[in-house]
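My entries follow in the order I made them.

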Amino acid sequence: MTISQPKTRDDLIALLSITDPDELQALYDAAYAVKAANVGRVVYYRGLVEFSNYCIKDCKYCGIRKSNDEVERFDTPRDDILAMARWAWENRYGSLTLQSGERQDEAFIDYVEGLVRDIKDLSHGELGLTLCVGEQTEDTYRRWFEAGAHRYLLRIETSNPDLYATLHPQDGHHRWQVRKDCLDSLRRIGYQVGTGDMIGLPGQTLGDLADDILFYRDMDIDMIGMGPYVVHHNTPVGKQVLAGGLDSDEEKRRRLELGLKMIAVTRLFLPDVNIAATTALQALHPLGRELGLKAGANVLMPIVTVPKYRPQYLLYDNKPCVDEVPDQCKNCISARVASVGDTIGLGQWGDSPHFFHKK
């Protein structure tokens, strides 16, 4: 089977509909060839520091939603965050991602701004910085950009506002349009803008997923972090999925395959963007991230979170790497990259070629 670049929504749906094993392999091989030609067979690291699980949001699928009283809340001490940043810099990770639950108070905004400046200082400007701390005002985003952050990841979760509404309480604080407007603000300021969806959600169609890929194009997105939906047992969506018998091994395999197809089809459609092989893939398959790289992804996010806090930052069940220390993660993940035949872009920011092409 010859796989050609998709041009239309129908083309995207047709490729996402593939289930034959030989055709699937042809799809993944075609996407890997496009990756090699456009972004290279190089994997870039985004060392992930999950520095706080306090959150003002109550997303119905998320393990650190504010209503989950099983979670022990934490704020990582500033010195520990900076120590992890220094470790990432000394180990030539190239880039760091600061991620937390969402807060919008002035103390948090000031804190993040100071962290960004301190990390830039300690690495002599050498560490690239991605922020993933939710919806904020354009003024806040600008402050952080001017402090030294240059990439921002804000997942749209789904491009379908109706489906989005099923994932969130309808309390005025979880609005799809606000999230979309934040992406517009980030692009105006000059960030490299990242977004992504959850794949295999209850009620989601292949048409929805095709529309997500079109959304990435229409929003001029530079980097994509998307992954299969993974259940968290103590959330409304998770309980609904478990009660409906929709988390069987067969269902997990289906969501994993759908996640890999989304990586491959997005790579074919948007050849020069950065695409992450997310940890959620590995939650569904021991080699999930390797499969993601083989399907066209070129970014990995090894966890650099302080080990004692990792068990309290579980957005979903069965999260990998929770019981490892950073050195273990480093050795493990470099072996994963080597097994695919890619190299690691050590000490490099690995910015999205798309960002510079559109400039």
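Before reading any pairing, I noted the criterion: two strands count as paired if DSSP finds at least two bridges between them. I also noted that this is a predicted model.

**Strand β1.** I looked up the partners of β1, residues 42-45. Strand β12, residues 343-344, is joined to β1 by 2 bridges, and the two run parallel. In that pair, V42 stands opposite T343. Strand β11, residues 299-300, is joined to β1 by 2 bridges as well, again in parallel. Here I found Y44 opposite V299.

Next I went to G40, which lies in the loop between α2 (21-38) and β1. Is G40 buried or exposed? Its relative accessible area is 16%, and the cut-off for buried is under 20%, so G40 counts as buried. I then took a C-alpha distance from G40 to T343 and got 9.4 Å, for a separation of 303 residues along the chain. T343 is also the residue that V42 faces in β12.

**Helix α10.** I picked A264, which sits in α10, residues 249-269. Its relative accessibility is 0%, so A264 is buried. Which residues does A264 contact, once neighbours within four places in sequence are left aside? I listed L27, Y28, A31 and A295. For G292, I recorded a C-alpha to C-alpha distance of 8.4 Å from A264, at 28 residues apart in sequence.

**Whole chain.** I then turned to the totals. The secondary structure comes to 14 helices and 12 strands. The radius of gyration is 19 Å, close to the 21 Å given by the globule rule for 359 residues, so the protein is as compact as a globular protein of that length. I read the span of the C-alpha trace along its principal axes as about 55 × 40 × 40 Å.

For burial, I found that 61% of the 359 residues count as buried. The accessible surface is about 14000 Å², and carbon and sulfur atoms hold 51% of it.

Last, I looked at the charges. There are 42 positive and 52 negative ones, and I found their mean positions 2 Å apart.

How values were computed. Residues numbered from 1 in each chain as written. Predicted model: local features only at pLDDT ≥ 70, side-chain atom pairs only at ≥ 80, totals over all residues. Heavy atoms only, no water. Helix = DSSP H or I, 4+ residues; strand = E, 2+ residues; numbered from the N terminus. Rg over C-alpha atoms; globule rule 2.2 N^0.38 Å. Buried < 20%, exposed > 50% of the residue type's maximum accessible area, 1.4 Å probe, protein only. Areas by Shrake-Rupley, 256 points an atom, 1.4 Å probe, with all protein chains shown as cover. Lys, Arg positive; Asp, Glu negative; His and termini not counted. Charge placed at Lys NZ, Arg CZ, Asp CG, Glu CD. Contact = heavy atoms within 4.5 Å.
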